[in-house]
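Me: Could you take a close look at the pocket in this structure for me? I'd like to know what lines it, and then how the rest of the model looks around that picture.

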Amino acid sequence: MKLLALFGLAACTLITSGCCNVCPEAAKAEASEFFGMARSTTSTPRHRFVEKYNGWHKRYDAKRNQLYAANKKVDMIYIGDSITHGWENRASMEVQKKFFPNLNILNLAHSGDRTEHQYWMVRDSGFLDTAQAQLVVVLIGTNNIGHKVAGVEATAAGIKLIVETIRAKQPNAKVLLFGVFPRGEKPDNAFRVQVKAINAMVAPLADNENVFFVDLADKLLEKDGSISKKIMPDFLHLTPAGYTIWAEAIKPYAERFCR
């Protein structure tokens, strides 16, 4: 009962006795695709509770418990997909502890998420209505193009909605938006063109007062434009060396805004 009171009516989904009561808006569009996901546009908020075996339900409950235990106060919130979810891997957790040893971080990212899933997370889950954060770190969009369900314009529009919603629900927090990380080993990989186009569209969201934009491509790529397996073993996800590069980029903002 305490958890439900904490999230209140702002949450679109209430989970009781393992059952989900989902609002109609979040439950539209049902053509199935790989991973058991349901197709939707990037601008339609979508949870993933109805998918089997993806861990969303369990993770959602764990994060609610974390927020309740912290009395709603967190320093940083992470929004993203598997790359951001990966901060909770054992090796990358050591990187996080090294760079941010005293920060309480609420990681709302989930493997496989696209912009519409994290849009639901920031708009309808209740987390951002409840948490009191100082910095929200956003990295999202690669699965939109990777799953071949959205073009660059739609992906950029989804990112814009996420940033705008964070600003509306967390007016006292700063938003640190990262450009979609490069993917694909070689510079001529088709994903590279799409990533650059998305980043060019979302970079103007930064006003350098409340929203900040960082493109890490130059630090993640080799001099010839390729991606090293030392940074991304599958040319998408990060190694601890890759998380170190990312942590170094987050650190100045965390030091500035997380007090």
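Reply: Happy to. The largest pocket holds about 190 Å³ of space, and please keep in mind that this is a predicted model. Its lining is made up of Val 180, Pro 182, Pro 187, Arg 192, Val 195, Lys 196, Asn 199, Asp 215, Ala 217, Asp 218 and Leu 221. Two elements each give two or more residues to that lining, namely helix H9 (190-202) and helix H10 (217-220). H9 gives the most, with four residues. Sorted by class, the pocket lining has six nonpolar residues, one polar residue and four charged ones.

Rolling a probe the size of a water molecule over the atoms shows where empty space is left. A search of the whole structure turns up one cavity of 30 Å³ or more, and the volume of the largest cavity is about 60 Å³. Around it sit Trp 56, Arg 59, Tyr 60, Lys 63, Leu 108, Ala 109, His 110, Met 121 and Phe 127. Here helix H2 (residues 56-69) is the element that gives the most to the lining, with four residues. The cavity lining divides into six nonpolar, one polar and two charged residues.

Now for the sheet. Five strands form an open sheet in the order S4-S3-S5-S6-S7, and their pairing is parallel. Strand S4 (105-107) and strand S7 (211-214) are the edge strands, each pairing on one side only. From one strand to the next, the twist averages 20°.

Finally, a word on confidence. The protein has an average pLDDT of 86, and 83% of the residues score at least 70. Residues 1-38 are a stretch to treat with care, with pLDDT below 50, although the model gives this stretch 85 contacts beyond near neighbours in sequence. Where pLDDT is low, the predicted coordinates should not be read in detail.

Methods. Residues numbered from 1 in each chain as written. Predicted model: local features only at pLDDT ≥ 70, side-chain atom pairs only at ≥ 80, totals over all residues. Heavy atoms only, no water. Pairing = 2+ DSSP bridges. Axes fitted to C-alpha atoms, helices over the stretch in contact; angles between N-to-C directions. pLDDT = per-residue confidence, 0-100. Contact = heavy atoms within 4.5 Å. 1 Å grid on protein atoms, 1.4 Å probe; cavity = no way out; pocket = protein on both sides within 12 Å on 5 of 7 lines; lining within 4 Å. Points joined across faces, edges and corners; volume = space filled by probe spheres on them. Nonpolar A, V, L, I, M, F, W, Y, C, P; charged D, E, K, R; others polar.
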